[in-house]
Amino acid sequence: MNSPIKKVVVLGGGTSGWISAALLKKILGSAIQLELVESDDIGTIGVGEATIPPIKHLNNVLGINEAEFLRETKATIKLGINFENWKSQGHSYLHSFGAAGKSLAFCHFHHLLKRANQLEDDSHLWQYDLNYLCAKAGKFAQIKSKDPIIELPYAYHFDAGLYAKFLRKFSEKLGVIRTEGLVEHVEQCPNSGHIKSLKLKNGQTVTGDLFIDCSGFRGLLIQEKLRTGYEDWSHLLQCDRAIAVPSERLEKTLPYTRSIAHAAGWQWRIPLQHRNGNGIVYSSSHCSEQQAMDTLMGNLDSKAIADPKVIKFQTGRRYKQWNKNVIAIGLSSGFLEPLESTSIHLVQSAVVRLAHLFPHQGIDSSLVDEFNKQSATEFEQIRDFLVLHYHATERTDSDFWQDMRHMKIPDSLAHKIEIFKQSGRLFREQNDLFTDSSWLQVMLGQGIVPQDYHPIANTMSDEKLAEMLRKVKEIKQAPIDKLPSHDEFLKIFCRQ
């Protein structure tokens, strides 16, 4: 018979393992025992340094002090991602966390701007986006307002290794037991196939009722033991390699991530308080490792302070993120390249999903099926958003970009693009991580221009529309001069 879930074992540390341990223990408290098994002899990928706004919810639920977090993880503020050379060489746009302008009921702001542009108003969407204006001015402060028109949503850049250490200390205070050791053998129940225990090389045995596999690409439990299988998406997202290297920090810390497209992939630049994070993601079918290395090292803004690290990956996801009594979280569950900084969020959302569906009376197939259904949908929606960046491009300067332009894309994405192209309408799928504003910015930024706008935009006179846009622009511009620089904010806030 199914036995109640009293003990959860997390296999693997790093960001994935310690987020899983901290959040589950915080939410479930004394209802479960929680033990995390990791080895200092096994390194972590450790390049996930950029996040999206839901990370703030995670820290808030855990009760983490923001100033302490910023100090301990050497974090900086992130207002969005600047995409350079993606639509065409020399072109750039910001995918910000904000929303431009002010929408009407049933009519998004960009429909109003589309009509205004046809009346010879040459302003662009981002001039009405406070996140964009602050990012380009290098300004930031926490704006506390009930008026959404002047909200300034943000996320963080941080040192993933320092964040894992920070969460380890936090988790152990909550009662999480950390066990040091390498797994030598995994014992399964001969009847059910469920994992019963982990035997470590030091002779110790760790038993559990539910196991969370945070063992990275290896997938020690979910794949090596349970043979769950993997859905390969490399035909849609052809990049399969990354090279990461840290470099000295710059004098001025930008409040956004930079994503710079190259001939066979793209390069990231992430500013931290103590250094810069850099890396290149590329397709090995279109570019050699040496070519990628030369591109990365030749485009650093500052001196490298460690040897480059090469990472091989296969884009896709496990057929089941939850199989028997094992839940894969982090790299063991699948991989989507960090183009939109979703790696840490996928860890967070998986743990939240597990907390909602926690099988305290024993493994229930209906809960497992629902977990896997939601997980698959989330991965597919993020996949489509990433494919949009590659497919909607005007670049023809390399075989890589030609292949991206002409590849067959998922029907779900093709439908979304076609609706926007014809009418400017945006329809967000249920539980889609990315808002209408995100889809809008990337669609426009990549050169997809709607042919029409909503008829509600015609209900205003030319004069009233012009006046409305003028006032919105003024409201968005008003806070800029009053805000400190990003570096000034960090210096003052981190002292708290």
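## A three-stranded sheet

An open sheet of 3 strands, paired antiparallel, runs in the order β12-β18-β21. Strands are DSSP runs of E with at least two residues, numbered from the N terminus, and two of them pair if DSSP finds at least two bridges between them. The edge positions belong to β12 (230–232) and β21 (334–335); each has a single partner strand, so one side of each is left without a neighbour in the sheet.

Strand β18 covers residues 316–318 and is joined to β21 by 2 bridges, the two running antiparallel. In this pairing G316 stands opposite F335 of β21.

## Basis of the model

The model is predicted: local features need pLDDT of at least 70 and side-chain atom pairs pLDDT 80 or more, while totals for chains, interfaces and linings use all residues. Residues are numbered from 1 along each chain as its sequence is written, and side-chain values use heavy atoms, with hydrogens and water left out.

## Domains

The chain is assigned domain 1 (7–48 + 159–232 + 316–363), domain 2 (97–156 + 387–482) and domain 3 (244–312). These bounds come from an automatic or database domain assignment. Over C-alpha atoms, the centres of domain 1 and domain 2 are 38 Å apart.

## Where domain 1 meets domain 2

Contact (heavy atoms within 4.5 Å) links 5 residues of domain 1 with 5 residues of domain 2. Together the two domains bury about 430 Å², 70% of it on carbon and sulfur atoms. Buried area is the accessible area (1.4 Å probe) lost by two parts on being put together, summed over both.

There are 0 salt bridges between domain 1 and domain 2, a salt bridge being a side-chain nitrogen of Lys or Arg within 4 Å of a carboxyl oxygen of Asp or Glu.

Key
Helix = DSSP H or I, 4+ residues; strand = E, 2+ residues; numbered from the N terminus.
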